[in-house]
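Here are a few exercises to work through with the model open beside you. Try each task before reading its solution.

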There are 2 protein chains.
Amino acid sequence: MQQPKKYRYEYERPVLATDCVIFGFDGGELKLLLIEREKEPFKNKWALPGGFVFMEETTEECAKRILLEKAGIKNVFIEQLFTFSEIDRDPRERIISVAYFALVDKHQYEIIAGRDTLKAEWFELSMLPKLAFDHNKIVKTAFQRLKGKVSYQPIGFELLNEKFTLTQLQALYESILEVPIDKRNFRKKILGMGFLKALEEKEKNVAHKAARFYSFDKKTYKDLTQKGFHFEL
Amino acid sequence: MQQPKKYRYEYERPVLATDCVIFGFDGGELKLLLIEREKEPFKNKWALPGGFVFMEETTEECAKRILLEKAGIKNVFIEQLFTFSEIDRDPRERIISVAYFALVDKHQYEIIAGRDTLKAEWFELSMLPKLAFDHNKIVKTAFQRLKGKVSYQPIGFELLNEKFTLTQLQALYESILEVPIDKRNFRKKILGMGFLKALEEKEKNVAHKAARFYSFDKKTYKDLTQKGFHFEL
DNA sequence: TTCAATAAGTGTAAATTTAACACTAAGATT
DNA sequence: AATCTTAGTGTTAAATTTACACTTATTGAA
């Protein structure tokens with residue numbers, strides 16, 4: 001059935017949407033959360049979770065809503081990435097997408113496929129399928145941004161559990177920056193910055209010396225920053 | 001007379017616009033190009049040049065068109081800044097703005113007020129008036145971006161004439177980074193990167209030793225970049 | 001034509017940061 | 001008890017960064 005078209009404007013208007021690039025990490029390679037589309041266009045193709053912006057929400061609120069509705073994710077790091085406005089990026093009509101990227105502690109979520117979604121799955125960044133729309137381009141932009149940003153802002157921690165070992169942290173940086181890092185130099189540098197809190201707790205049930213857990217002390221980091229400290233890996 | 005409202009949609013849609021933050025430099029402080037609005041809302045207030053996005057253009061094309069139409073500026077560095085989507089940012093109705101920032105060689109343009117514009121004028125960044133809409137916020141975001149970016153991408157040159165002296169270049173960096181820089185160290189570093197071409201030409205009619213002109217050699221820079229070189233000031 | 005004023009242009013040494021590198025410690029499994 | 005695996009640790013050389021002052025070229029005034 002045809003819906004009534006009750007909104008009338010003097011000038012033609014594009015549709016406004018957001019798409020979310022969701023990064024996760026579990027020790028190996030960096031991962032990306034994709035959904036399989038339930039509807040046309042690109043039915044049964046993998047895509048970034050996305051949706052239309054409502055009139056009573058900002059694009060950021062929209063992105064957060066989509067994270068929750070389509071993947072059950074909330075309270076995570078989210079940042080505006082870029083606005084994609086190519087005229088033919090959607091085959092239906094002109095849709096402009098404000099893309100966001102999110103950093104998620106992958107283990108904290110049992111990913112659930114939500115509305116308009118058949119499946120939701122984590123993919124290795126280097127093994128992505130061909131995605132719907134211009135989503136491969138959006139992902140590429142997002143990874144470049146993450147890679148560029150991770151060295152001068154402490155956002156890597158968002159991908160790890162609250163408690164993490166220095167080896168996990170190093171593996172994360174190696175995987176984002178795509179270079180090997182010297183263990184001793186890495187530890188010296190990151191601990192020297194002074195915002196990692198050593199916890200009493202250690203790993204359990206590992207067939208080797210148990211590693212100490214650390215946590216990112218946001219308050220200390222903020223204090224340091226206000227004193228002119230500048231994170232740089 | 002009321003125009004016919006010929007576009008009908010099932011769902012309500014916001015309007016899409018772009019606004020341009022245009023930076024210029026003339027040796028003293030960093031400057032910003034503002035226009036005085038001819039129409040309501042904010043009639044006679046200073047604002048960023050901006051306008052609505054047409055259906056047959058991307059937001060970047062729109063920003064370039066606005067630069068040309070409202071300020072007579074073309075062929076300059078332009079980069080997407082951020083998309084501002086607060087619900088009440090425009091008193092008329094919901095307008096989402098994709099903001100761009102541009103870097104202009106101020107001396108190359110006789111700024112001309114264009115359509116819907118009473119005046120166009122350069123303002124010192126530290127002496128801005130209260131602007132229309134959320135434009136003060138947009139400017140703040142743009143300056144932060146410029147400040148952050150200027151140290152790791154060679155975009156400062158876009159604000160200078162093709163030929164410039166090292167003193168001019170240093171003054172530019174000092175003004176953007178808001179810190180004093182040691183002359184000898186600055187020269188050593190920037191010349192050491194190898195992409196500044198020393199010209200034969202020197203300053204004329206100056207009451208002191210005439211400074212040599214340099215130019216930014218894009219080709220050399222590109223070659224260096226491909227060999228893994230990374231600009232860093 | 002000489003002098004004063006002004007900004008251009010230049011090098012070195014000390015301090016700091018970065019890079020390279022290998023063995024011992026602890027816990028689990030056999 | 002022996003083996004496997006990863007955690008954890010310090011030093012030295014090299015490279016980079018910082019701090020710093022005088023000579024040179026040009027104009028304009030005396």
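This is a predicted model: local features need pLDDT of at least 70, side-chain atom pairs count only at pLDDT 80 or more; totals for chains, interfaces and linings use all residues.

How do the residues of the surface near DNA strand D divide into nonpolar, polar and charged?

Residues are numbered from 1 along each chain as its sequence is written, and chains are lettered from A and ligands numbered from 1 in the order in which they are written.

**Exercise 1: DNA strand D**

Solution. Start with the neighbours: 22 residues surround DNA strand D (near means that the C-beta atom, placed from the backbone, lies within 6 Å). The closest are Thr167(A), Arg184(A), His208(A), Arg212(A) and Lys209(B). Next, sort the surface by class: 6 residues are nonpolar, 7 polar and 9 charged (Asp, Glu, Lys and Arg count as charged; Ala, Val, Leu, Ile, Met, Phe, Trp, Tyr, Cys and Pro as nonpolar; the others, Gly among them, as polar). Finally, look at the elements: H4(A) gives the most to this surface, with 4 residues (helices are DSSP runs of H or I with at least four residues, strands are E runs of at least two, and both are numbered from the N terminus).

**Exercise 2: DNA strand C**

Find which residues come nearest to DNA strand C, and which elements give two or more residues to the surface near it.

Solution. Of the 22 residues around DNA strand C, the nearest are Lys209(A), Thr167(B), Arg184(B), His208(B) and Arg212(B). Helix H4 (183–192) of chain A, with helices H3 (166–177) and H4 (183–192) of chain B, are the elements that give two or more residues. By class, this surface has 6 nonpolar, 6 polar and 10 charged residues.

**Exercise 3: relating the two chains**

Work out how chain B can be laid on chain A.

Solution. Superpose by least squares on the C-alpha atoms of residues with pLDDT of at least 70 in both copies. A turn of 180 degrees with a shift of 0.0 Å along the axis gives an RMSD of 0.1 Å. The two copies are therefore related as by a two-fold rotation axis. In chain B, Arg8(B) comes closest to that axis, at 2.2 Å (C-alpha).

**Exercise 4: where the chains meet**

How many residues of chain B are in contact with chain A?

Solution. Count 25 residues of chain B in contact with 25 of chain A (contact means C-beta atoms, placed from the backbone, within 7 Å). Then check the pairing: strand S1 (residues 7–9) of chain A and S1(B) pair in the antiparallel sense over 3 bridges (pairing needs at least two DSSP bridges). There, Tyr9(A) has Tyr7(B) as its bridge partner.

Terms used:
Two residues are in contact if their C-beta atoms, placed from the backbone, lie within 7 Å.
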